[in-house]
Amino acid sequence: MHGCRPGGGVVRGRGAEVVSLDVSPELLAQAEAGEVDEAAFVECIRTSLPYAWEMVAELVVRLDVDGGEFADNQVPPPDEQARGQLLRAMASDAIRGALERHHGVKLAFQNCHRVGVFPAGTEDSARYRAFTSVRGQLLNQSPLLRDC
């Protein structure tokens, strides 16, 4: 079962003008009927937000290979389309939660591009708390990110 239309093709549901995901008629029908297949939703995210998907997937691999307390990205997205994908993925509780469940991690986000991937269940760790703290946010500021 496919969650998104290959190559785009947006289905607008319930009067929405702007959408974050390219949702197939089948996935929209599932949502309207009640339960949504998590795998289909994850596939929809993967195909709709490829930049965000690849960033998270690469960070998960880096965390697995390198070990450590977390893996993060500090390189700004290459263009506004990529930045928009990343912001949509991180700003939506449903999308972010699906990414976390699929990869078995906890995601954290700073500014407009710094994604942190932490092992699931480490939300009480000092490193996670430092990353998500007000202090961590302020120390991660840069004039280059002013208008991101």
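Is Y128 buried or exposed? Hold that thought for a moment, everyone. What we have here is a predicted model. The chain has a mean pLDDT of 84, with 80% of its residues at 70 or more. Over residues 1-17, though, the pLDDT is below 50, so please treat that stretch with care, since pLDDT is the predictor's confidence in each residue.

Now, back to Y128. Its relative accessibility is 11%, and because buried means under 20%, Y128 counts as buried.

Let's start with F70 and F118. Their ring centres are 5.1 Å apart and their planes sit at 10°, so this pair is stacked. The two come from distant parts of the chain, 48 residues apart: F70 is in the loop between helix 3 and strand 1, while F118 is in strand 3. F118 itself counts as buried, at 0% relative accessibility. With Y128, F118 makes an edge-to-face pair, because the ring centres are 5.0 Å apart and the planes are at 85°. Since Y128 belongs to helix 6, that pair ties together parts 10 residues apart in sequence.

Next, have a look at D72, in strand 1. At 14% relative accessibility, D72 is buried too. Its side chain joins that of R114 in a polar contact of 2.7 Å.

Last stop: helix 2, residues 38-48. Its buried residues are A40, F41, V42, C44, I45 and S48. Their cover includes helix 1, helix 3, helix 4 and helix 5.

Terms used
Residues are numbered from 1 along each chain as its sequence is written. Side-chain values use heavy atoms; hydrogens and water are left out. Helices (H or I, at least four residues) and strands (E, at least two) are DSSP runs, numbered from the N terminus. Buried means under 20% relative accessible area, exposed over 50%, partly exposed in between (1.4 Å probe, protein chains only). A polar contact is a pair of N or O atoms within 3.5 Å; within protein, one must be able to donate a hydrogen and the other to accept it, and residues adjacent in sequence count only if both atoms are side-chain atoms. pLDDT is the predictor's confidence in each residue, from 0 to 100. Contact means heavy atoms within 4.5 Å. Rings of Phe, Tyr and Trp (its six-membered ring) pair if their centres lie within 6.5 Å; planes under 30 degrees apart count as stacked, over 60 as edge-to-face and the rest as tilted.
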